[in-house]
Amino acid sequence: MKLIVEGKVARTGKIVLDISTFNACLMIEGQAAAQSQISTSGEYTLEYEAKVLPRAAGLMILPSSIKPKEAGRMALTKQISASQFIPKKGKTDVFVVSDKFYLPGDFLDFIKRRIQKYHIHGTVYLEYPTYFSTLPGCRIDFFEVDPVVVSLRPSLVRRQDFIGSAYTNADGSYDFHFKFGPLPLKPSLIGEAEFSPHLPIRIRKPDIFLDYKPDIHARFFQYINGTWTKIYDAPMTALDWNIGTDFHRDYRIPADVAFGVIDPGPKPAAGFQYKTIGLIPIDTTRIVDGYAHSQAGDPLEGIVHEPFCFTLRIHGLFATSAAVTAYTVEILRTNADGTAAITTAADGTPVAETWNPLGEPLTNQQWNDTTKKWEPHALNLADGKYRNIDIEDPMDWLEPSLKAVWNTANRPNGYYMLRIIGYNASGIAVVATEMPMIRTDNDPPQADLDVISPITGKCGDLTLSAGRQITLRVTAYEPDGHLYGYYISGTRGRYGETAGPALTHERPAANDNWYGVIDNSEDFAVNARSASTIECVTMAYSLHLRVQGAGTNGYGHCFENNQKRVWKEINLVVTE
């Protein structure tokens, strides 16, 4: 027999949220039997072939981005008894339930908070008695927290659910983009065993006392002796409760709880050993054909086939036996196979590239025990070499293994090798070690967006056809193949109602290059007007194209400040 559940969803209150972002789901014996997206007019139909009428079933309304088993409080459910299924006229094996579902305003407000995108950004500082300094190379774990209202000690007992991690750059700044999504099944309380997303999931206890507002807690780690070590839990302040979607938050960590010195690890038995570029270990498994590939358990995860970009902080150590007092850093431009690149001389003769001094300034922070401050010291020597601090007390330096700071934007994009040559006190070269070849790319991708159809006037006016589609001409292109993807979205009206489903295109293979598209035709489907805009026959539209290039500086992706990201938009006046 066929079971049909049909009806309409309506909302109450003044919350602007598209009904079409929800699904209707028929639950039988705890399993999703049928699921369908709710139309823009709020209607839904669910069909299920059953052997017998179920004793009880459930109708669930939930955001379309959430799985029914994970929805929890993000879904509203009605129970359906067997007696509610009515035989369809003229059909003996078809049974129908018709119902109307109202979504309360507070529920919609809760859903809106959890499915919209959030951006947290700022700087992490070490706080000394009389001054502040930034903290590079720090990991920040973010948690959603809520006060337990009935607790006798509400300031100490809070629910805490892991959201994700961010890393500070060399200047101490960080950026973190996320959605709250469904409430996790396993909460933990401050004071209990450390929560980890890798622990087995247990059934969540009743959480009727939680407020479900976007509240954020931050925990800080440093990478010490090959493992992330927790150094600080940030206290909750008035800023951290019910945050906005664009949240600027600077953190201050007491200097006495942090490891001011980044542990460089052991010295090699002989010669020189490269350690890291930022947080990325240097070896032939992490740098493959010039591209960065992080491994599971690395201090910085999630880097797959990315070129290097902008300023790189290169770490390494000399062996004690080498007795190196100074060193040079040389650079060679190469081909993709590692051979020296060929240039053309003024007379047209092809000439192979040769090793040349890197020529970049190098500064490190040295501890002044008198002033109790980290003070910058230039390590460039008059003869073009760099001072080797490996022979000094490593605790005196904030980055004791730092050997070079290379602004890759000072040279053309391409393949390069670095070579470090160590000299003893007599000026004799005793060590020469080459770093694996790396690929640099500091250019943003190309982007363009325009309308192909319907015919659009120079004032941006167009009339929507019955097909409710706007065909766009899209360019999202990276000439070296370093494109992550491109994303098209649209809003309309005074309050930025969603104009239609977003279009997402990501590189087909994560571990390979992708060039993108040039003048590609993309159909943007326009949603029917919602109840709040149904009277707007003519409405302002804004269509957005975001093109994201690939690249890492060793501390994360080069995403922010338009380093590898380009936005384009077109503004239209659309008449239906």
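Pro444 is found in the loop that runs between strand E34 (438-440) and strand E35 (446-453). In this predicted model, Pro444 is partly exposed, because its relative accessible area of 40% falls between the limits of 20% for buried and 50% for exposed. Not counting residues up to four places away in sequence, Pro444 touches Gln563, Lys564 and Val566. Pro444 and Val547 are 103 residues apart in sequence, yet their C-alpha atoms are 8.9 Å apart in space.

Ala525 and Gln469 are 56 residues apart in sequence and 4.7 Å apart in space, C-alpha to C-alpha. Gln469 is also one of the residues in contact with Ala525 once neighbours within four places in sequence are left aside, and the others are Arg468, Ala499, Gly500 and Pro501.

Is Thr168, a loop residue, buried or exposed? Thr168 has its place in the loop between strand E12 (158-167) and strand E13 (173-178), and it counts as buried because its relative accessibility is 0%. The side chain of Thr168 reaches the backbone oxygen of Leu135 at 2.9 Å, and the side chain of Thr168 also reaches the backbone nitrogen of Cys138 at 2.8 Å. With neighbours within four places in sequence left aside, Thr168 is in contact with Leu135, Pro136, Gly137, Cys138 and Ile140, with Ser173 and Tyr174, and with Val124 and Tyr555.

The nonpolar packing comes next. The largest nonpolar core has 39 residues, of which Ile277, Phe308, Ile314, Trp406, Met435 and Ile438 touch the most other members. Two or more residues of this core are given by each of strand E19 (272-277), strand E23 (311-318), strand E24 (326-334), strand E31 (402-407) and strand E32 (414-423). The largest share, four residues, comes from E31. Ile314 has contacts, beyond its neighbours within four places in sequence, with Tyr274, Thr276, Ile277 and Ile282, with Ser401, Leu402, Lys403 and Ala404, and with Leu418 and Met435. Another core, of 29 residues, lies apart from this one, and among its members are Leu126, Ile231, Ile253 and Leu398.

Aromatic rings are treated separately here. The structure holds 17 aromatic pairs, and one of them is the stacked pair of Phe176 and Phe178, with 5.1 Å from centre to centre and 15° between the planes. Phe176 counts as buried at 7% relative accessibility, and Phe178 likewise counts as buried at 8%. The pair of Trp406 and Tyr416 is edge-to-face, because the ring centres are 5.6 Å apart and the planes are at 80°. Since Trp406 lies in strand E31 and Tyr416 in strand E32, this pair ties together parts that are 10 residues apart in sequence. Trp406 is buried, with a relative accessible area of 0%, and Tyr416 is buried as well, with a relative accessible area of 3%. Phe176 and Phe178 also belong to one aromatic cluster, which they form together with Tyr118, Phe142, Tyr174, Phe220, Tyr232 and Tyr251.

| Arginine | Ring | Distance from the ring centre |
|---|---|---|
| Arg139 | Phe221 | 4.1 Å |
| Arg419 | Trp355 | 4.3 Å |

How many disulfides does the count come to? A disulfide is a covalent bond between the sulfur atoms of two cysteines. When a pair of cysteine sulfur atoms is required to lie within 2.5 Å, the count comes to zero disulfides.

Conventions
Residues numbered from 1 in each chain as written. Predicted model: local features only at pLDDT ≥ 70, side-chain atom pairs only at ≥ 80, totals over all residues. Heavy atoms only, no water. Core = buried A, V, L, I, M, F, W, Y, C linked by side-chain atoms within 4.5 Å. Buried < 20%, exposed > 50% of the residue type's maximum accessible area, 1.4 Å probe, protein only. Contact = heavy atoms within 4.5 Å. Polar contact = N/O pair within 3.5 Å; in protein donor to acceptor, adjacent residues only side chain to side chain. Phe/Tyr/Trp six-rings, centres within 6.5 Å; stacked < 30°, edge-to-face > 60°. Lys NZ or Arg CZ within 6 Å of the ring centre and 35° of its normal.
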